[in-house]
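Subject: Structure for your review

Dear colleague,

Please find below the structure that I am handing over to you.

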Amino acid sequence: MAKYIINGPCENFGGNVKISGSKNSALPIMAAALLSEEESVLDNVPHLSDTDVMAEIIKGLGCDIYRDKHGSMRISANITKPKRLRDYSLFSKLRASVLVMSPCLARFGNVRIPLPGGCKIGARPIDLHLKGFAAMGAKIKQGHGFVEASAKNGLVGTRIYLDFPSVGATENLMIAACLANGTTTIENAANEPEIIDLADFLCGMGGSVTGAGSDTIIIKGTTRMHKNNHKIIPDRIEAGTFIICAAGLGSGIKTENIEPLHLKPLLAKLTEMGFMFETGLDFIDLKPCQKPKSVDIKTLPYPGFPTDLQAQTMSLLSTSDGNGMVVETIFENRFAHIPELCRMGAKIKTEGNAAFIEGVKRLSGAEVKATDLRAGAALVAAALKADGTSKIHDIEHIERGYENFVEKLKNLGVDIKKE
Ligand SMILES: CC(=O)N[C@H]1[C@@H](OP(=O)(O)OP(=O)(O)OC[C@H]2O[C@@H](n3ccc(=O)[nH]c3=O)[C@H](O)[C@@H]2O)O[C@H](CO)[C@@H](O)[C@@H]1O
Ligand SMILES: C=C(OP(=O)(O)O)C(=O)O
């Protein structure tokens with residue numbers, strides 16, 4: 001496994017960074033493209049191991065997929081029957097692999113896949129996805145690490161209430177409902193910007209999806225979906241991570257090619273901490289701030305504070321002025337970064353899903369391990385401001401979610417190398 005070596009503290013951090021397309025938007029949209037036999041073209045797809053794995057899975061179904069180095073991807077699912085997917089190693093890497101279920105089930109009447117993986121941040125069951133498919137008339141079988149769904153006579157639109165506004169379940173059910181017979185209403189649906197991007201893509205394919213971005217999404221089924229050209233929205237979590245890296249150093253940064261509204265929950269907390277920024281149509285310019293105050297955060301479904309920025313924010317709080325608290329309500333096991341931050345000198349205690357952070361003056365560089373994607377990003381943010389050298393191991397997790405991370409950090413003045 002590779003590592004990052006970062007020499008801190010990074011005293012000349014600053015400049016501009018162009019944010020890539022959203023991983024969590026690209027993955028469901030890649031799956032949704034399988035609803036049609038015609039070729040769709042996706043722009044602004046980030047070049048990441050996660051999008052590579054998703055592409056491998058789609059190829060494994062028998063579809064064609066090409067990408068160029070500018071982030072454009074062509075997907076053609078001109079097949080009469082998907083090939084059987086058995087590759088545990090691909091599915092275990094990627095949570096979003098579960099999203100190939102919906103287009104295959106809705107279009108071909110059957111799908112069988114290994115259970116999905118993704119970041120190890122909780123049990124992450126897929127019961128809400130499967131309950132929704134079952135409500136639409138599918139028969140579900142599970143065993144030996146696989147899940148199979150069949151609906152020989154097609155899916156039927158229905159009303160589905162999600163017990164929790166799960167992002168993945170909302171996406172899988174939206175995609176499936178496009179080719180169902182009749183209308184599907186998803187209640188207590190997820191509101192995330194990635195859901196709106198998916199709805200836009202589905203509408204561009206000829207689907208009828210209304211209400212995305214609210215908690216009730218209505219999908220009128222059709223018999224055929226078509227090709228679509230679509231640009232993936234910017235990655236709000238990548239943007240948030242760079243902003244937090246700068247904030248931890250007391251430096252400024254301009255994040256470009258973004259949708260500032262998607263970062264409202266983070267900007268609200270940064271304002272509370274004493275930061276100032278200028279926002280434009282597609283940028284946020286964070287101003288330097290030397291002594292940010294600590295705050296409390298609680299992760300919630302959008303538009304609440306995103307769980308995917310929780311670890312990075314905890315790294316920021318570890319050197320802020322005073323005491324802060326972080327409550328994680330989305331995933332039951334998303335504190336793996338805490339022992340690693342403590343190894344770098346942070347003072348953090350936990351009790352259940354709450355972490356109590358006492359701000360310290362400085363962190364010290366150390367050898368640490370990225371246990372998952374955002375935990376790894378939090379360690380990078382910590383290493384930038386720590387005294388001395390940090391070695392961050394298992395960076396494959398980090399590179400699942402940050403395109404050209406090392407180059408972007410170097411351009412901002414970071415002394416980083418990958419070994
Ligand atoms: C590829 C992708 O887009 N990943 C994002 C997606 O993950 P993902 O789609 O997996 O997240 P969900 O919103 O589904 O999960 C939220 C919570 O619901 C639970 N749950 C979910 C489904 C289910 O069938 N049963 C169930 O109990 C999960 O265990 C978790 O505790 O949204 C998360 C929450 O914003 C983000 O952290 C992930 O980065
Ligand atoms: C948890 C994440 O990804 P995944 O759902 O793919 O594990 C993430 O992007 O932070």
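Predicted model: local features only at pLDDT ≥ 70, side-chain atom pairs only at ≥ 80, totals over all residues.

Residues are numbered from 1 along each chain as its sequence is written, while chains are lettered from A and ligands numbered from 1 in the order in which they are written.

Ligand 1

The shell around ligand 1 holds 21 residues, of which N24, L128, S166, V167 and G168 come nearest; a residue is near a molecule if its C-beta atom, placed from the backbone, lies within 6 Å of it. At least two residues of this shell come from each of α1, α5 (127–135) and α6 (167–177). Helices (H or I, at least four residues) and strands (E, at least two) are DSSP runs, numbered from the N terminus. Eleven residues of the shell around ligand 1 are nonpolar, six polar and four charged. Here Ala, Val, Leu, Ile, Met, Phe, Trp, Tyr, Cys and Pro count as nonpolar, Asp, Glu, Lys and Arg as charged, and the others, Gly among them, as polar. Domain 1 (3–20 + 234–418) and domain 2 (23–231) each give at least three residues to the shell around ligand 1; the domain bounds come from an automatic or database domain assignment.

Ligand 2

Around ligand 2 are N24, R95, A96, G118, C119, I121, D308, L373, R374 and G401. By class, four are nonpolar, three polar and three charged. Ligand 2 lies between domain 1 and domain 2, because both give residues to its shell.

The recorded binding site

An unreviewed UniProt entry lists K23 and N24 under "binding site"; its positions are given in the numbering used here, feature names are shortened, and annotations may be inferred rather than shown by experiment. K23 is buried, with 26 other C-beta atoms within 10 Å, and N24 is buried with 25; the cut-off for buried is 20 or more, with exposed at 12 or fewer and partly exposed in between. Leaving aside residues up to four places away in sequence, K23 touches P46, L48, D50, T51, D235 and G401 (C-beta atoms within 7 Å).

Helix α10

In helix α10 (residues 310–317), eight of eight residues are buried. These buried residues pack against α8 (236–249), β17 (296–298), β18 (323–327), α11 (337–343), β20 (354–358) and α12 (373–385).

Yours sincerely

Conventions:
Contact = placed C-beta atoms within 7 Å.
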